[in-house]
Protein chains: 4
Amino acid sequence: MIEFRVDTGSGVPPYRQLVHQVEHALRLGQLQVGDRLPTVKEVAKNLVINPNTVLKAYRELEHKGLAKGRPGQGTFIEQGLVGLPAEKQAELRAGLESWLAEAHRAGMDADGIAALVATVLAEFRQEERK
Amino acid sequence: MIEFRVDTGSGVPPYRQLVHQVEHALRLGQLQVGDRLPTVKEVAKNLVINPNTVLKAYRELEHKGLAKGRPGQGTFIEQGLVGLPAEKQAELRAGLESWLAEAHRAGMDADGIAALVATVLAEFRQEERK
Amino acid sequence: MIEFRVDTGSGVPPYRQLVHQVEHALRLGQLQVGDRLPTVKEVAKNLVINPNTVLKAYRELEHKGLAKGRPGQGTFIEQGLVGLPAEKQAELRAGLESWLAEAHRAGMDADGIAALVATVLAEFRQEERK
Amino acid sequence: MIEFRVDTGSGVPPYRQLVHQVEHALRLGQLQVGDRLPTVKEVAKNLVINPNTVLKAYRELEHKGLAKGRPGQGTFIEQGLVGLPAEKQAELRAGLESWLAEAHRAGMDADGIAALVATVLAEFRQEERK
DNA sequence: GTGGTCTAGACCACG
DNA sequence: GTGGTCTAGACCACA
């Protein structure tokens with residue numbers, strides 16, 4: 001079962017963070033078609049946010065065709081997102097994690113790492129756009 | 001001189017994106033104490049956003065003690081952010097870029113990469129918090 | 001609930017006047033941690049100023065850590081400011097008021113009094129700085 | 001010779017602070033008709049502000065008929081402001097200073113005192129307006 | 001309904 | 001010309 005997080009300091013609206021997390025989990029194969037998402041109440045209670053916010057996120061997922069609420073049963077994943085084969089993903093992930101560990105050893109904190117990653121990713125996106 | 005970007009699709013308010021970019025540049029040593037930021041009007045014109053939005057970002061930086069507006073002259077960096085020595089940073093950056101290139105070769109698009117990176121970073125943050 | 005005033009002739013930007021008034025009320029114990037400030041719209045309507053101006057004041061208070069806006073609920077005092085015990089304050093206040101009454105009887109108008117007070121206070125500040 | 005001060009943190013435009021200080025000094029009898037104000041250059045240098053700002057203040061005084069610039073000689077007080085007789089003023093001032101000293105002894109800092117004074121004065125003005 | 005963001009445009013203070 | 005303030009009004013996120 002997916003575990004949601006909300007980072008209130010990031011400026012990203014909470015409901016979008018939830019949507020992103022589902023999308024990411026789908027891409028990474030952590031969520032499969034047919035999986036059940038936690039109930040609105042559970043999420044709202046765990047993250048201390050308003051149930052309406054969770055509902056909005058689930059509706060957004062429904063709108064994108066990724067999930068579907070079944071009254072009385074919960075919300076279920078309807079459709080996956082194309083991603084790389086699991087092995088390749090695991091490989092890449094391992095590579096990234098080892099880089100991260102190295103950065104951490106070198107003395108970078110999470111914010112510093114995030115700054116570096118954001119910069120490099122932004123440049124990559126710009127490259128890709130060409 | 002720092003070059004701002006704004007990603008309208010991310011959900012992060014533009015003025016916060018500007019703040020983040022300055023903070024990142026400070027961490028990465030791309031901005032130094034005493035450097036001048038582009039004028040409010042320049043940024044507004046380049047990014048096609050309202051001057052007030054830029055002003056809001058600069059004001060936020062001022063509140064954080066990172067920059068200071070001097071009427072008639074511009075806005076200047078007041079204080080740096082601790083970061084790693086430039087060489088170490090360059091090294092780490094190279095490592096990250098090579099990982100990124102590998103992921104790209106493997107068939108991942110920017111969104112997929114971002115998803116993976118976000119997930120791994122979030123886990124790292126959770127680790128760090130312990 | 002605090003009652004805001006705005007003096008348009010003073011040259012002090014209205015949003016700063018609001019900030020000052022909250023700070024003063026905190027120092028004087030008229031506002032406590034947890035108290036709710038009037039809503040942005042109420043203040044804007046009462047003082048006949050733009051809601052954005054009020055918002056700017058509340059935002060400034062947030063930056064100073066004194067208040068915090070809770071969407072959908074209002075803006076609340078987060079932190080107090082050290083001040084003297086209420087009795088001592090009341091005593092001092094009485095002393096000041098009696099002096100003021102005397103000055104008034106002697107024929108001074110509010111502006112004259114303000115001039116005298118400003119001068120004496122400025123000298124006091126200079127003394128204190130030593 | 002009057003000694004100007006500028007408090008950059010107060011929000012009051014510097015040029016208005018200068019005007020106020022002249023007016024206050026006139027009310028308090030510290031400046032007399034015929035007295036010479038410091039030159040624009042002197043003030044600008046001492047307070048580290050732009051000469052234009054000082055000029056603007058002097059023009060404002062001229063506009064109010066309080067001072068007059070005599071090319072090549074300086075700026076001179078043209079007209080006084082009605083005030084109380086010097087003895088009465090000195091008496092009141094002494095009273096205020098003794099109150100201030102008491103407040104200080106009681107543990108109030110300049111900001112606390114300013115807060116109290118501002119509040120009491122504001123109420124007094126409201127009374128007077130009736 | 002409450003706070004928050006953005007836009008558009010006017011005006012002021014300062015250099 | 002540069003930063004800073006204010007207004008007016010639209011739209012969004014949240015409770």
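1. Ala, Val, Leu, Ile, Met, Phe, Trp, Tyr, Cys and Pro count as nonpolar, Asp, Glu, Lys and Arg as charged, and the others, Gly among them, as polar. By these classes, the surface near DNA strand E has 11 nonpolar, 12 polar and 5 charged residues. For DNA strand F the division is 11 nonpolar, 12 polar and 5 charged.

2. This is a predicted model, in which local features need pLDDT of at least 70 and side-chain atom pairs count only at pLDDT 80 or more, while totals for chains, interfaces and linings use all residues. Residues are numbered from 1 along each chain as its sequence is written, chains are lettered from A and ligands numbered from 1 in the order in which they are written, and side-chain values use heavy atoms, with hydrogens and water left out.

3. Chain C holds an open sheet of 3 strands in the order 1-3-2, with antiparallel pairing (strands pair if DSSP finds at least two bridges between them; helices, H or I with at least four residues, and strands, E with at least two, are DSSP runs numbered from the N terminus). Strand 1 (36-37) and strand 2 (67-70) of chain C each have a single partner strand, so one side of each has no neighbour in the sheet. Strand 2 of chain C is joined to strand 3 (residues 74-77) of chain C by 4 bridges. Within strand 3 of chain C, C:Ile77 stands opposite C:Ala67.

4. Helix 3 (residues 51-63) of chain C packs on this sheet and touches strand 1, strand 2 and strand 3 of chain C (contact means heavy atoms within 4.5 Å). The direction of helix 3 makes about 120° with that of strand 2 of chain C (axes are lines fitted to C-alpha atoms, for helices over the stretch in contact, and angles run from 0 to 180 degrees between N-to-C directions).

5. Chain A also has an open sheet of 3 strands, ordered 1-3-2 with antiparallel pairing. Its edge strands are strand 1 (36-37) and strand 2 (67-70) of chain A, each pairing on one side only. The bridge partner of A:Ala67 is A:Ile77 in strand 3 of chain A.

6. Of the atoms of DNA strand E that come within 4 Å of the protein, 69% belong to sugar and phosphate. Helix 3 of chain C supplies the largest share of this surface, 4 residues.

7. An N or O atom in the side chain of B:Tyr15 is 2.7 Å from a phosphate oxygen of DNA strand E (a polar contact is a pair of N or O atoms within 3.5 Å; within protein, one must be able to donate a hydrogen and the other to accept it, and residues adjacent in sequence count only if both atoms are side-chain atoms). For D:Tyr15, a polar side-chain atom lies 3.2 Å from a phosphate oxygen of DNA strand E.

8. DNA strand F is surrounded by 28 residues, the closest being A:Pro14, A:Asn50, B:Lys41, C:Pro14 and C:Thr53. A base oxygen of DNA strand F is 3.0 Å from a polar backbone atom of B:Gly72. Helix 3 of chain B gives the most to this surface, with 4 residues.

Terms used:
A residue is near a molecule or strand if one of its heavy atoms lies within 4 Å of it.
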